[in-house]
Amino acid sequence: MATSSRWKDIDDKFCLCSICLEQLKEPKLLPCLHRYCKDCLNSIIQGTNDVIKCPECRQETQIPTNGVEGFKTDFYSKNLVEYVQIQQSLKSDEIRECYSCSKYLEVAAYCFKCNDFLCKDCHNFHVTNKTLKDHQKHTLSLEDIEAKNITIEKLASMRDAPRCNTHPEKLSELYCETCNNLPVCVACTYGEHKGHNLHEVKALAKLKKEKLAKQLKGLEEIGKNKKPMTPAQAKEKLISNVNTQKEKVLKMHDEKDQEIMTEIQKIEERRKQVKQKMYDFLRREKEKEIQGVQEKYDEIFKVKKIEINDSYQARESSLKRELEKLHEKRERFDLDKIELLKSIETQLNENVKIIETMSQHFDNIKKRFETLNLTASSILASDNDWSVVQCIPDMCTAATNLMKDLKKDFPELTALTEVTVNYKQYSFEKPSVTKISENFDKKVIVNSPYQYVHGMTCCGDGNIVISGVTSDLNASFIIVIDMNGRMLKEKILNTGEIWPFRYCKSLSQHKVASVCKPNEIGLYDVRDGSYIKKNISDVINSWPKDRNVSCVATDPVNNHILVGGNGSRDVYVFDDHLNYLHILTLPEMTKWQRDMTVSDGYLLVCDYDGNKCFVTTVDGLESKLVGEFMNPNLEGNKFGPISVCSDKNWYVYVLWRSSFQCYIVQYNHDGSQVLTTTKMGVDAYVVTVVETSQGEKLLVATYNTQTVRVYDLIPED
């Protein structure tokens, strides 16, 4: 490819490769309007088969079957090079061999009909002799150059019409659009070009000029009216949002730290009060007993002292444990603050890199527009109809592609200015066990065609996200409803599959991760209903052809998406941009992940085929078994776990299902203890927990009766 050192400036508007200047090889024009000589193009296409990318704008171009010769000749640049060389020869008083008299004399003119130089006498004969009448308008004299009356457009008009492609001895008179703008003579219309789409050059050149002028006007209007967010503005807004988020994080952590310190001071004060009360009580008791018999006092005092001391020690031990927990929580709180700040800085660096990459794309579009506008203006001003006919079709194609790029919006610029911060919730009260209310608080009905529910989760604003299969079984859906069942967003997605099971889990306040049979993964934005996706099999070579996704979980702390597949121990881990990271392998006892969730830094897995629910680590490539959930010993049927979720205090709710019954069993955080058991309707299929202004609620969605039941989670006394 040509380097910058090989290019010379011709004037303020054009530059050509030095090979074109020195050897006068034909400059070639790519469809994106970038010029290269034959040697440059040969270097570019070396080692490629069918398609090359333009080194300037990266636009792809099909390589013609005959190689470099198949690319369009840039007639305007060719005329420009020829003009410069003729101009330099005529201005330098160069001695050349005259084409007419064969004498070596000073150059006086150049005949484009003869394609050679003439001396002064031969030039006078050339322009006065009637036998050379057809040469006169094609002859350029030294006086024209010196008087500066010659322009590149006038030079183009002096050139003779191109020769017929089949009969080089004849001038071309027509233009064959069927054969890619090939010049032909009249005789060809009865031969190999018979029946082709033939045009008279002047009429067609006028038509092409009008079309190009119209497209240029459209591009100018778009350029005037369109004011998208520039990369510089996006970068500035991103940095501003990052600083705002930093301030929020620091302020929130300062406030929470102050709350913890206040609690510590209160407990310290209570310790002092308890101790003081003990001494006061002893003093009063002693004073009472002193009034009686000393011996009786001594005996009674010993007994009272032992009793009160035991009570004090128990209370002291309890308060000490609470203090240790608060100090430990404060240490975790400081570590979380550091991680949050690191996360913000990481997002800043990643988004700045993406914005800078998009900035290069904006610059390329701008260069393409400037190149198109400059070249098109020159062609429109040219009197050479053949040059117009040869160049304008490609220029119109380039203008159409450029217009599409100009009209394209870049919503990701706005999205890149956002910074996602996953705040952990801290409670300074001792968490209490909650029980599920006996009757559901309300029943939310979802209308057709959203019938078969496979996934349910909640977003940051307290609304409900539901996914599943439509009633006709040919498409999947994602909908957003409020707690009263009012439809807020709805999207139907066609995958070409029958029973396209779709599952979902909340990733952040506004983003929901979703997977769909057979191997689709995507991100749904609850704010505008947008959905981006990719096929897992396109990015993971090890994904088996017969494997289907069976569940999805999210790790908001690490911004990871975990995807399970049928009949497999493998969990595929992606980041929050759908980039594949690695495979997490579950313990050997795993048969089929029916549902998963991340709770308190651990992965909870429902293995429906194995009739068990267990807890594993989530870090690394090989998960370690932490423990199994106690079997609830439900009578009458064989039960398997089908759905799992947890509340803010890390209590776990598992939906156990059989052919005839369903139960929700509440466990402690590691599943080692059954806390409560609640019978559900036989159609219960998915459970999740949502935080509302009235406290946490347990949501239970049915499989095919289009119902979501809402249960209160009541703290036990």
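Trainee: What rules apply to the model?
Mentor: The model is predicted, so local features need pLDDT of at least 70 and side-chain atom pairs count only at pLDDT 80 or more, while totals for chains, interfaces and linings use all residues. Residues are numbered from 1 along each chain as its sequence is written, and side-chain values use heavy atoms, with hydrogens and water left out.

Trainee: How many disulfides does the count come to?
Mentor: A disulfide is a pair of cysteine sulfur atoms within 2.5 Å. By this rule, the count is zero.

Trainee: Which cysteine sulfur is nearest to that of Cys98, and how far away?
Mentor: Cys98 is buried, at a relative accessible area of 4%. Buried means under 20% relative accessible area, exposed over 50%, and partly exposed in between, with a 1.4 Å probe and protein chains only. Cys98 is in no disulfide; the nearest cysteine sulfur belongs to Cys122, at 3.5 Å.

Trainee: Which cysteine sulfur is nearest to that of Cys504?
Mentor: Cys504 is buried, with a relative accessible area of 4%. Cys504 is in no disulfide. At 9.3 Å, the nearest cysteine sulfur is that of Cys458.

Trainee: How much space lies in the largest cavity?
Mentor: On a 1 Å grid over the protein atoms alone, a cavity is a set of points where a 1.4 Å probe fits but cannot get out. Points are joined across faces, edges and corners, and a volume is the space filled by probe spheres set on them. The whole structure has six cavities of 30 Å³ or more. The largest cavity holds about 120 Å³.

Trainee: Which residues are closest to the centre of the largest cavity?
Mentor: Lining residues have an atom within 4 Å of a point. The largest cavity has 16 of them. By class they are nine nonpolar, four polar and three charged. Closest to the centre are His454, Gly455, Lys505, Asp595 and Val686.

Trainee: Which elements give two or more residues to the lining of the second largest cavity?
Mentor: The second largest cavity has about 50 Å³ of space. Its lining is Cys32, Leu33, Gln59, Arg368, Leu372, Ala398 and Leu402. Helices (H or I, at least four residues) and strands (E, at least two) are DSSP runs, numbered from the N terminus. The elements are helix H10 (294-381) and helix H11 (385-407).

Trainee: Which residue in E19 stands opposite Tyr452?
Mentor: Strand E18 (450-458) is among the elements that line the largest cavity, and nine of its nine residues are buried. Two strands pair if DSSP finds at least two bridges between them. Seven bridges join E18 to strand E19 (residues 464-470), running antiparallel. Opposite Tyr452 stands Val469.

Trainee: Which residue takes a positive phi in the hairpin of E18 and E19?
Mentor: Five residues lie between the two strands. The positive phi is near 85°, and the residue is Gly462.

Trainee: Is Thr65 buried or exposed?
Mentor: Thr65 sits in the loop between strand E6 (60-62) and strand E7 (72-73). Its C-alpha atom is 8.8 Å from that of Asp50, 15 residues apart along the chain. With a relative accessible area of 87%, Thr65 is exposed.

Key: 1 Å grid on protein atoms, 1.4 Å probe; cavity = no way out; pocket = protein on both sides within 12 Å on 5 of 7 lines; lining within 4 Å. Nonpolar A, V, L, I, M, F, W, Y, C, P; charged D, E, K, R; others polar.
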